[in-house]
Amino acid sequence: DIGSYDFVIIGAGSTGSVIANRLSEIKQWRILLLDAGSLPNQLTEIPSLYAFGVFSDYNWGFRSIPQTTACLGTVNEECLIPRGRGIGGTTLINGAMYSRGHPTDFDKWAELAGDPSWSYENVLTYFKKSEDFHQTDPDAPVNWEYHGTGGYWYVEHHNPPISLKHIFLEANEELGYNITDYNGPLLEGGSVVQYNTKVGRRQDQGTAFIMPVRKRNNLVVLTKSYVVKIEINNDTKEATGVIFTNHGRTYRAAASKEVILSAGAISSPQLLMLSGIGPKEHLQELGVPIVENVPVGKVLRDHVGTYGVTFSSNMTSPDQTLREQIKDYLNGFGALTTSSLSHVLGFYQTNIEETPNYPDFEVILDLSDPASEFGKRFLNWKDETYDILYNNTDISFYMTTILLHAHSVGSIKLKSSSPFDYPLIDYNFLSDPNNKDINALYEGIQFCMRLVNTTAFQQVGAKFESRPLPACKDLEYLSKDYWFCLIRQTTLAVYHPVGTCPIGTDPATGAVVDSELKVFGIKKLRVADSSVFPFTLTGHPSAACAMVGEKISDTIKLNYSETP
């Protein structure tokens, strides 16, 4: 027994790190922050090494069960699901792109939550509160009214920009799209990526929110601490504390005010179910004593991306030695200061999306890397898939089409009643009965083809480079049926899982938490992370996770009559 705290926070990721920071501002509150991983280090700090982080102890290493409708070009038809383990969570190993979402996302969120405080007008304050924005690319459009300065979390553009930046933006203009700041109110069009780096070094949310306040007397941060159960008083239906392991020993920590679960969209539902909070039938099958019957894990959503749409051009990238790259890195710029070679992106709308001016797909342009065994393993490709897609020295760049508002829904279930067994994750991508998802991805790929056929791209000799996939060899090459086959082979998770403990007004309609993120039927227990998102956003989730952390911290302070 390690004693009692006012708040016990499970998980120091994109949301938990923010909450720990903000609640520990109240000096009379004692805060315990638990995480199964380690502190950030010099490996995680270098953005270009994020793929190596995926092969380290900073990644949980989740995989889906074998799939039948997508991820078919991967080994065992399994989608990889990297999730960060450590102080900073998935921001330790992600692409570090800062992308909030569309105003419509949050207005719909407020409607589903039955609470106008989640509307865009209201949550914008919290996005700006976290942010310390710096315009480090003078050509990048910035709508300063929608950005914050002086917050904990640094945002900047990469330097120097890739050679194709201006060409991509010119091609957008040629097709009639605006060049925009995608973190403002108008997303549709081409844009320059905003990164969570600080003078070229990764600003994960542990580095941003926890390291500056780690020595506060009322904040205890325990690493290597894996929570195996939330303790619930069966008579009062109150969360009383947690049980966790640390270096082979088991501990109990009591929570006098609340337990706050911020373990992410995979681990939060797993821990709720292990603690008896979940679908009654599923828990009975596994012999888990039922505390509360709520639809935990019934829904799993993610963005999906179609990979392998590759192009050649007559442009060449500068050839640098590693020593030269390190010198640039130490000066805050260059190849090592970016998580990928995708410094431009765009948001667009297909004919599938019915809401006006509401983009439903994203295109990210990446410069290509030489084919390698490491690259193949990073996305879990089968040999024949990878060789056809990427083992081609003519490839100069590729475009990834990302579906933002998928209709297909997956699920998460427990494998067993043991907290040390990973859950069963079924993404179920591209399975919607009306084929809206695969048609939207097909439209997105055709848009990429139009983009590359513009005068801007033709000035550098851009040309589609591809060879028929073996799995699709019986179909007419580049016919619609062929593209549908390729999409099912090469569409993977974009690693933005959400929605496994969704916000709402009633468990009968699928909700797990209310508008203040309190678990239905259980007192003194909240979930605060991407699992509460009611749907996938028109943006990447880490920024919205920070917003949730900022907002719910103010809510908690008001609940306990403390000044925010």
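Histidine 540 counts as buried because its relative accessibility is 7%, where buried means under 20% relative accessible area, exposed over 50% and partly exposed in between (1.4 Å probe, protein chains only). This is a predicted model: local features need pLDDT of at least 70, side-chain atom pairs count only at pLDDT 80 or more, and totals for chains, interfaces and linings use all residues. Residues are numbered from 1 along each chain as its sequence is written, and side-chain values use heavy atoms, with hydrogens and water left out.

UniProt, in an unreviewed entry, lists His540 together with His496 under "active site"; such annotations may be inferred rather than shown by experiment.

| Residue | Relative accessibility | Loop location |
|---|---|---|
| His496 | 11%, buried | between β24 (491-493) and β25 (525-527) |
| His540 | 7%, buried | between β25 and α16 (541-559) |

Now for who touches whom, with contact meaning heavy atoms within 4.5 Å. Leaving aside neighbours within four places in sequence, His540 is in contact with Met97, Ser99, Glu362, Ile364 and His496. On the same terms, His496 is in contact with Arg83, Arg301, Asp302, His303, His540 and Pro541.

Terms used
Helix = DSSP H or I, 4+ residues; strand = E, 2+ residues; numbered from the N terminus.
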